[in-house]
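Open the model in your viewer and keep the selection panel at hand. The stops below say what to select and what is found there.

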Amino acid sequence: MSWLPIVIKACYFLAALLFILGLKRMSSPRTARGGIVWAGYGMLLAVLATFFLPDMQNRGLIIAAVLIGVSAAWWSGKRVAMTAMPQMVALYNGMGGGAAAAIGAVELIGYVRTLAILHPPGIPDTSPLRPESWAINALTPMPAMVALSPVELALGVLGALIGAVSFSGSLIAFAKLQGWLDKRFVFPGQRAVNLLLLAAAVLIGILLACGHASLPLIAVFFVLALLFGLMMTLPIGGADMPVVISLYNAFTGLAVAFEGFVLGNEAMIIAGMVVGAAGTLLTQLMAKAMNRSIGNVLFGSFGAAGGEAQAIEGAQKPIDAADAAVMMAYAERVVIVPGYGLAVAQAQHKVWEFAQLLLKRGVKVKFAIHPVAGRMPGHMNVLLAEAGVPYDLIADMDDINPEFPATDVALVIGANDVVNPLAKTDPASPIYGMPILDVSAAKHVIVIKRGKGTGFAGIENALFYADNTRMLYGDGQAAMGELVTELKAIDA
């Protein structure tokens with residue numbers, strides 16, 4: 001059927017268009033859900049079209065794999081709580097990188113087998129036993145071969161390298177976010193070890209791309225790539241996870257695009273490049289929001305100050321829930337600043353319940369979101385949306401910062417480094433220069449925090465010692481529950 005290849009390519013084009021439109025709609029919280037659905041339809045169309053490729057083999061195994069994958073994703077998507085979404089994103093992103101690496105491995109192994117068939121060891125090229133003569137004998141069919149051009153071979157190796165790094169690195173990020181690993185794993189000479197692993201993987205990759213391929217060399221190549229992804233991610237702390245997840249997302253997209261070129265699959269090329277470009281841009285935005293380069297995130301030492309830090313004077317001043325509720329009940333403007341502590345405490349529903357009570361009293365309430373609050377890009381937006389907070393009450397850092405001086409009370413829940421004034425006042429601080437939410441400019445600040453510990457940067461927060469700050473100690477959900485109870489008592 002001569003029309004079938006045209007229909008398949010048209011389906012790939014439509015799928016790619018749905019990917020792009022879906023990603024565009026994901027840029028706004030109002031249309032994000034629809035964007036995910038559109039992209040899902042695009043993926044479904046691309047998968048169905050692939051089954052009709054003329055040279056498609058093992059359809060039964062592919063269908064079984066798809067059913068297993070869909071079932072696992074459906075079960076986990078229904079079961080995983082919103083607070084655990086960063087781990088799920090890291091894990092699924094790793095699966096994408098692993099799939100790209102697996103495609104590269106299959107192509108490289110097929111290429112090695114092809115070399116062995118076309119150039120058998122010990123048989124001269126002029127011998128009648130050369131494989132070209134096999135086609136004469138109908139009883140000895142020519143084995144299936146993988147013919148790769150130099151460009152395809154190079155891109156296949158590059159995609160395999162990037163995909164393997166993304167796979168192992170994302171698994172470590174998942175384990176860190178899940179709490180299975182410590183925040184950091186650092187040993188003397190780690191940077192040198194990482195550079196040696198990367199250099200060895202690249203050197204072997206160049207050999208493979210130049211046609212010097214063998215099964216042992218391919219195995220060593222993938223072991224080195226996987227080890228590099230693992231070792232690169234182990235030293236990175238939880239505060240940097242938004243940047244890491246974005247970076248590995250970009251890696252996965254690029255790996256998929258490169259392997260799509262090897263396979264001649266237009267949908268993979270376009271989708272991979274779109275994801276790679278979006279992930280790269282998001283990584284740059286996340287790094288900029290922390291005032292750090294991507295290299296510093298991956299190879300720097302977060303928490304190592306550049307000199308003697310400023311001494312923080314004063315003491316943390318506690319407040320009870322009743323006084324805090326009264327303060328906000330009679331305020332004109334309240335800005336709520338959520339952080340990772342809110343996610344850990346799963347307090348988003350109580351926070352929205354409290355905000356609704358304030359709104360009924362005529363208090364103007366807004367939510368302020370820092371770009372790197374949480375453990376993945378948009379983490380706080382996802383949690384607030386899951387609790388039902390309207391989008392028009394959620395403000396980004398650049399929009400809300402000018403409003404803090406006119407804010408009566410800023411309520412900080414589980415946020416630490418992203419509201420630390422030392423980022424603006426102390427050049428010796430490791431977070432100096434990082435854009436922050438100007439919470440300290442509010443007339444009054446109430447901070448809900450479990451205890452007096454430091455944030456992920458490992459430094460004290462000057463905001464907690466400020467004259468206009470009061471500390472409400474306790475679990476985020478429990479503290480918000482007390483505030484809700486006290487606020488209802490005022491209205492009773």
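**Stop 1**

Select Arg450, which counts as exposed because its relative accessibility is 59%; buried means under 20% relative accessible area, exposed over 50%, and partly exposed in between (1.4 Å probe, protein chains only). This is a predicted model: local features need pLDDT of at least 70 and side-chain atom pairs count only at pLDDT 80 or more, while totals for chains, interfaces and linings use all residues. Residues are numbered from 1 along each chain as its sequence is written, and side-chain values use heavy atoms, with hydrogens and water left out.

Arg450 forms a salt bridge with Asp475, the closest N and O atoms being 2.9 Å apart; the term requires a side-chain nitrogen of Lys or Arg within 4 Å of a carboxyl oxygen of Asp or Glu. Arg450 lies in the loop between β5 and β6 (469-473) and Asp475 in the loop between β6 and α17 (476-491), so the pair ties together parts 25 residues apart in sequence. Helices (H or I, at least four residues) and strands (E, at least two) are DSSP runs, numbered from the N terminus.

**Stop 2: other salt bridges**

The count by this rule is seven salt bridges. Select Glu403 and Lys366, whose closest N and O atoms are 3.0 Å apart. Glu403 sits in the loop between α15 (397-400) and β4 (409-413) and Lys366 in strand β2 (residues 364-369), so this pair ties together parts that are 37 residues apart in sequence. Glu403 is partly exposed, with a relative accessible area of 28%, and Lys366 is partly exposed at 30%.

Go on to Asp438 and Lys424, a salt bridge with its closest N and O atoms 2.6 Å apart. Asp438 is in the loop between α16 (422-425) and β5 (444-449), and Lys424 is in helix α16. Asp438 is buried, with a relative accessible area of 17%.

**Stop 3: the cores**

Select Phe222, Val337, Phe404, Val419, Leu437 and Val439: they have the most contacts inside the largest nonpolar core, which has 77 residues. Such a core is a set of buried Ala, Val, Leu, Ile, Met, Phe, Trp, Tyr and Cys residues joined through side-chain atoms within 4.5 Å. Helix α5 (residues 150-178) gives the most to this core, with twelve residues. A second, separate core of 42 residues includes Ala331, Val365, Leu411 and Ile413.

Now centre on Phe404. Leaving aside neighbours within four places in sequence, the contacts of Phe404 (heavy atoms within 4.5 Å) include Val335, Ala368, Ala410 and Asp438.

**Stop 4: Ile218**

Which helix holds Ile218? Ile218 is in helix α7 (residues 215-233), and is buried at 4% relative accessibility. Ile109 is 109 residues away from Ile218 in sequence, with 7.8 Å from C-alpha to C-alpha. Beyond four places in sequence, Ile218 is in contact with Leu108, Ile109, Val112 and Leu208.

**Stop 5: Phe174 and Trp180**

Select Phe174 and Trp180. Their ring centres are 5.3 Å apart and their planes are at 90 degrees, so the pair is edge-to-face. Rings of Phe, Tyr and Trp (its six-membered ring) pair if their centres lie within 6.5 Å; planes under 30 degrees apart count as stacked, over 60 as edge-to-face and the rest as tilted. Phe174 is buried, with a relative accessible area of 15%, whereas Trp180 is exposed, at 61%.
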